[in-house]
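Below are some short notes on one helix contact and on the voids in this model. Please read them with the structure open.

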Amino acid sequence: MRWSECFIPTHKEHPADAECASHALLVRAGYVRRLTAGVYTKLPLAVRSIAKIERILDEEMARIGGRRFHMPALQPAEPWVRSGRWAVMGETLFRLQDRAGHNLCLGPTHEEVVAATASAELRSYKDLPQIWYQIQTKFRDEIRPRSGIIRTREFLMKDSYSFDLDKDGLEASYRRHLEAYERIFRRCGLEGVFTVRAFSGAMGGTVSHEFMIPTEAGESTVVKCSCGYAANVETAGALPGDVADEEARGAPTEVATPDVGTVEEVCAFLDVPPERIVKSLVYVIKSSLVLLLLRGDDQLNEQKLSALFDTGDLRPAHEARIQKKFGAGIGSIGPVGVEQIEIVADRALDGRRNLVCGANKDGFHLVGVTPGVHFEARYEDLRRVNAGDRCIECGQPIEVSRALELGHTFKLGTRYSDAFGFAVTDASGRPRPVVMGSYGIGLERILAGAIEQRHDENGFVLSPAIAPFDLIVTPVNWTDAAQRHSAETLYASLVEQGVDVLLDDRDRSPGVKFKDADLIGVPLRITVGPKGLASGTVELVDRLEGSRRDLPIAEAGELARKRLSAAVASS
């Protein structure tokens, strides 16, 4: 293709709203344009890259026996009500009504649709196993769309679904998907991809994993240990730092703490460290009040709380309701003497002695409080993991870092099969609920992740496997007949050899052409200039290696093609 025939609106300026490198570079390189918050138009270069990613996905899904479908983005409410997710998804779900008043939604995922379809078609164990997949636009009403195409309200996802007769079958399907995902990310040129244990959330199921790449642009926080333990912070467990307590005393002592409410204020007023404070939070969970207790230097992990109570229906209680129940404001409440309310304490409080908590009396706290002596609680993992904690598997210090999620896999079990009556007859003729898995990959996230991993002050570079073009032929001066003829000849030769090549046929300055070539992510550039032509050479600029060298004109095309093949083979 010729540059003049391809719409590539590059910009020099850094976008004012760009939050990460991939966001800025995709705008500057003419890949995307923002329409509104979390909604982007993909321009020709992005379309070409996404198409190459889609081709890799198709090939790898076919390799594990996947059949491609195309399911509707517009879905009736009934299947979502039947699964229970019409309520659970809350405001994340885009909802609308048709002219007849029927409730509809724009699908963020397709478990309901695929379960309803499969339950009508698959009747016998002989029909299993099956893997169905699609590449489809999804919609989620994100509270805070950010980071360009990384976290959007409309996005392209490969979602697949496995159907098996039993858990052993699901395990095999799940393993095939994990292996396929590793190949997909490697073929797309991504480096350092790792898996973490993850939170299943509204999807349901008991086991899920996320595929991550390390980058500060990521919206996820992950925990890793040298022993191999890795988890999203939403589900990660860790051992808090050791603390030393004095021996337990008698009854707690009430101490006046006027105008003191936060952990920091209590610590300063009583001259105690935060790890000796019992932080009390009150949540409404499924309409009931629950008192949650954490160490003063810890934060509540709402995802763990949601998983613990198996609901997304939870929120902090309003101050008025807290005052009515405890007789004090949120900064002065505690577990001692509280009745008729469930108390759940984080495990970091188990076995502690002589702590400080609110006295359920405004302006007062209790000192010398010992869990298990002065109050009873159910102990669970509620806390958000912190840097400096120790691994729950080996006890060594953990690393907490930012990462970008590329894909998510779920062992759904029979969660959707039960909801839709999706069963097949086994070899003995008895009905068995089908065991399902769900597996997703974000196509735009692959593109953004590749840019986050390989960019510099000049632009970014993509693997030939997903770059919009393999190579750019750039004549220094298009109006020069000799340069134009050599560039045209080289371009035609490369096209004949199957290279996806872009010819820069613009009458622009060399500086503009070189900057644009570096900016738009194409891995190789062949420069045709007057000095090289005089000696029978052209210059090959390799953005992947960061190198440049002169090649004989007659051999340039073949050598460039071999370099591209080697780059693809190494990924």
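**Notes on a helix pair, a pocket and the cavities**

1. The model is a predicted one. The points below keep to packing and voids.

2. Helix α2 (residues 44-63) packs against helix α11 (residues 443-453) at an angle of about 115°, and their axes are 10 Å apart. The two helices are therefore roughly perpendicular to each other. Their crossing is right-handed.

3. On the α2 side, the contact is made by S49, I50, I53, E54 and L57, which meet L443, E444, I446 and L447 of α11. Sorted by class, this contact has six nonpolar, one polar and two charged residues.

4. The second largest pocket has a volume of about 370 Å³. Its lining counts 17 residues, of which P464, A465, D470, L564 and V568 are the closest to the pocket centre. Helices α2 and α15 (553-570) are the elements that each give two or more residues to this lining. By class, the lining divides into six nonpolar, four polar and seven charged residues.

5. There are three cavities of 30 Å³ or more. The largest has a volume of about 50 Å³, and its lining consists of G38, V39, Y40, K42, I149, T152, E154 and E444. Strand β2 (residues 39-42) gives the largest share of that lining, three residues. The classes are three nonpolar, two polar and three charged. E444, listed here, also takes part in the contact of α11 with α2.

6. The second largest cavity has a volume of about 50 Å³. C188, G189, A450, Q453, R454, V461, L462 and S463 line this cavity, with four nonpolar, three polar and one charged among them.

Notes. Residues are numbered from 1 along each chain as its sequence is written. This is a predicted model: local features need pLDDT of at least 70, side-chain atom pairs count only at pLDDT 80 or more; totals for chains, interfaces and linings use all residues. Side-chain values use heavy atoms; hydrogens and water are left out. Axes are lines fitted to C-alpha atoms, for helices over the stretch in contact, and angles run from 0 to 180 degrees between N-to-C directions. Helices (H or I, at least four residues) and strands (E, at least two) are DSSP runs, numbered from the N terminus. Angles under 35 degrees count as roughly parallel, over 145 as roughly antiparallel, 65 to 115 as roughly perpendicular and the rest as oblique. A crossing is left-handed if the near helix is turned anticlockwise from the far one by less than a right angle, and right-handed if clockwise. Contact means heavy atoms within 4.5 Å. Ala, Val, Leu, Ile, Met, Phe, Trp, Tyr, Cys and Pro count as nonpolar, Asp, Glu, Lys and Arg as charged, and the others, Gly among them, as polar. On a 1 Å grid over the protein atoms alone, a cavity is a set of points where a 1.4 Å probe fits but cannot get out, and a pocket is an open set with protein on both sides within 12 Å along at least five of seven lines; lining residues have an atom within 4 Å of a point. Grid points are joined across faces, edges and corners, and a volume is the space filled by probe spheres set on the points.
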